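Subject: Structure for you to look through

Dear colleague,

I am passing on a structure that I would like you to read through alongside my notes. Please open it first, and then compare each note with what you see.

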Amino acid sequence: MAPSNRAAQSANGPKRHLPPQTKESTPSKPLFDPEPSDTEVGTLRHADGATAPDWEGVDGEDGESEEGEEEEESSSEESVQIVTKKKEKPILPKDADEEELERIIFGDSAGFREGLDSFSLAPAGAALDDASEPDEDATNDYGNVADQDLFFFDTGPTALPAGSLALAKAEDTEDDDDDDQPAWQDSDDERLVVSLASVPQLRKLRDTEDDDMVNGKEYVRRLRRQYERLYPVPGWAVHATGKAKRKRRHIEDDESNVESASDMDMDDNDLSTLPLARLLKDADILSRTSKSSAKRRKLQAGTVEIARLKDVAGAGPSAITSLSFHPTYPLLLSSGPSSTLYLHHVNPSDPHNPNPLLTSLHIKRTPLHTTAFHPSPSDSRIFLSARRRYFHVWNLTTGTVEKVSRVYGHQHEQRTMEHFALSPNGRYMALRGSSKKGGGVVNVLDARTLQWVAQARVESKGGIAGFAWWGNGNGLVIAGKSGEVTEWSVQDGVVGRWIDEGAVGNTTIAVGGNSGRDGWIGGDRWVAIGSSSGIVNIYDRRAWSENDPATTGNNDVANGGIPKTPKPLRALDNLTTPVSHLEFSPDGQILAMASRWKTAALRLVHLPSATVFRNWPTQKTALGRITSVAWGNPSEEEGKEGSFALLAVGMETGRIRMWEVRA
């Protein structure tokens with residue numbers, strides 16, 4: 001073994017041991033390695049240290065060990081001589097500027113105590129207002145204040161790109177209550193920043209050319225504004241609050257007579273359950289009446305100025321067998337065998353949503369035949385009937401539907417209630433009876449109490465073809481199928497009877513116009529009677545008024561002064577199939593006559609000339625099989641612009657088309 005190893009083993013105390021030198025060992029790094037390892041540096045620094053090893057001062061007994069020590073010391077000295085220590089840079093003392101900057105950034109004990117003394121939980125505005133008052137917080141004990149109340153994270157102002165930041169309008173945030181906010185509103189929108197100039201699709205949202213940066217709330221507001229520019233809110237829904245889908249209401253046949261809207265299959269927000277004033281207010285038509293105060297002009301015979309408006313309804317599940325305009329408001333009521341009643345807002349001037357549907361009512365297993373508004377503007381009831389032993393009264397004010405199942409004392413004569421008519425004064429309701437004993441009967445009910453009042457019985461072979469109320473609402477004109485016409489008064493009974501000339505199976509009757517004598521047979525001037533052959537006879541009652549007992553003073557005049565076989569003013573043969581509809585315009589200047597048994601079988605008759613307008617309809621007029629006809633008054637603004645009347649026509653396909661007659 002090497003002598004160095006023997007010298008180390010012969011030592012009495014702890015000696016420095018050198019690693020054994022072997023031939024297979026990895027050669028060590030050169031002495032002059034410019035970058036010594038950390039281990040070597042630690043070894044060299046330890047050798048150079050002033051602290052003496054633990055075995056210093058212990059004398060060796062063997063001379064060879066001393067000789068080995070001298071060799072090791074000489075080798076370590078050589079190693080120390082080649083190590084060069086890195087000189088550390090001297091730390092310069094801080095000058096006044098550096099100390100001031102350090103105090104501003106990190107603070108000092110004096111500034112911290114001063115901040116605690118001046119700390120206040122009041123808002124900035126309150127601190128400014130109370131600046132003149134003595135500082136009461138100086139005596140507060142901050143040892144009991146929570147840490148989160150003493151400190152906060154100051155994130156500093158958010159750096160925004162160059163440009164102007166448009167804030168949301170104040171009125172958008174004034175009324176924002178936590179309870180009333182919609183679920184899609186997010187408070188983080190205020191922190192959102194959107195650039196309008198950098199995105200080409202958003203440049204249309206800018207108010208000015210320099211407008212660029214907006215926050216989230218303003219961005220949402222401008223998006224809504226742009227959407228409403230493209231799709232304006234319809235006029236009838238400007239003030240609407242119930243946006244839920246309107247569901248149809250259903251009534252079972254075996255339900256009680258008086259049914260509440262809450263007992264039906266319907267939506268809680270259905271407009272049909274709202275009071276009439278609320279419904280009309282939501283439709284934006286409460287202050288807009290359909291009666292025009294403008295002076296009406298006389299129509300000229302020969303041609304009529306008529307223009308087609310937007311359709312009220314498209315193709316439906318069944319034909320439209322009944323149409324009725326509201327006497328005051330621009331509302332149109334329609335129904336058919338599909339058991340559904342529809343209520344439309346008549347607003348053809350709206351280019352985006354004309355004639356919108358307000359609500360509907362569905363009565364199960366009840367194919368509706370006749371529906372009508374109550375004539376009084378103060379009464380909000382709608383009457384509905386079908387080929388059933390009962391009829392319904394829908395009260396828009398309370399939202400209830402009343403079912404009238406019988407006419408007490410006359411239920412055997414009134415087995416169906418499909419044909420009814422309300423008097424113009426709103427006092428009576430007339431029902432055509434199903435009994436044909438002795439000719440036919442018409443039962444008259446009180447429109448308010450729905451109790452039986454009187455009965456009109458006529459002698460006509462085959463029964464009653466049709467009936468119509470006098471203009472004053474105090475009597476009826478009843479046409480029998482055999483050709484006999486009866487004038488009947490609610491107070492006096494039968495006033496007179498007369499025969500329709502050339503009658504061959506009468507089908508319908510209508511009255512209109514003003515004769516100038518309101519106290520005599522209703523004050524109506526025109527009487528039109530249709531027959532199964534397509535002939536329509538028009539009578540002028542003004543010529544009969546010469547025999548009016550009130551004028552002559554002779555109450556003994558036979559037949560109440562009515563001629564028994566009057567001559568018609570004109571017999572119109574323009575229709576070749578049975579006449580199904582006769583309707584006078586509100587002022588009696590136009591008569592619409594139609595037949596449902598032939599396509600486009602509709603003609604307009606001018607009065608008092610009793611001639612058919614030759615320019616309408618044409619071969620290109622969109623008319624199918626006509627199942628109902630109704631006249632309506634234009635609004636006051638439309639009347640001033642020359643509008644004379646509105647004509648609504650129901651089709652067998654369920655469509656409701658409308659035209660405007662101008663004078």
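Predicted model: local features only at pLDDT ≥ 70, side-chain atom pairs only at ≥ 80, totals over all residues.

Residues are numbered from 1 along each chain as its sequence is written, and side-chain values use heavy atoms, with hydrogens and water left out.

I begin with the cores. A nonpolar core here is a set of buried Ala, Val, Leu, Ile, Met, Phe, Trp, Tyr and Cys residues joined through side-chain atoms within 4.5 Å, where buried means under 20% relative accessible area, exposed means over 50%, and partly exposed lies in between (1.4 Å probe, protein chains only). The largest such core has 21 residues, and those with the most contacts inside it are Ile590, Leu602, Leu604, Trp616, Trp631 and Val649. Two or more of its residues come from each of the strands E27 (590-594), E28 (602-606), E30 (626-632), E31 (643-651) and E32 (656-662), with the largest share, 5 residues, coming from E31. These labels follow DSSP runs numbered from the N terminus, with helices (H or I) of at least four residues and strands (E) of at least two. Leaving aside neighbours within four places in sequence, Leu602 is in contact (heavy atoms within 4.5 Å) with residues including Leu575, Ala592, Trp616, Pro617 and Val649. A second, separate core of 16 residues includes Leu572, Leu575, Ala601 and Leu607. In soluble globular proteins, nonpolar side chains tend to be buried together.

Helix H9 (residues 216-230) has 15 residues and reaches 21 Å from its first C-alpha to its last, close to the expected 21 Å, a span defined as 1.5 Å times one less than the number of residues. Its buried residues are Gly216, Glu218, Arg221, Arg222 and Gln226.

Next come the aromatic rings. Rings of Phe, Tyr and Trp (its six-membered ring) count as a pair if their centres lie within 6.5 Å, and planes under 30 degrees apart are called stacked, over 60 edge-to-face and the rest tilted. A search of the whole structure finds 6 aromatic pairs. The rings of Tyr428 and Trp469 have centres 6.0 Å apart and planes at 10 degrees, so this pair is stacked. It links distant parts of the chain, with Tyr428 in strand E15 (residues 428-432) and Trp469 in strand E18 (residues 464-469), 41 residues apart, and both Tyr428 and Trp469 are buried. Ring pairs also link Trp498, Tyr539 and Trp544 into a cluster.

Finally, the backbone. Most residues other than glycine have a negative phi, and most peptide bonds are trans. The peptide bond from Leu607 to Pro608 is cis, with omega near 15 degrees, and Pro608 is in the loop between E28 and strand E29 (611-612). The bond from Trp616 to Pro617 is also cis, with omega near 0 degrees, and Pro617 is in the loop between E29 and E30. Ala600, in the loop between E27 and E28, has a positive phi of about 60 degrees although it is not a glycine, and Ala600 counts as partly exposed because its relative accessibility is 28%.

Best wishes
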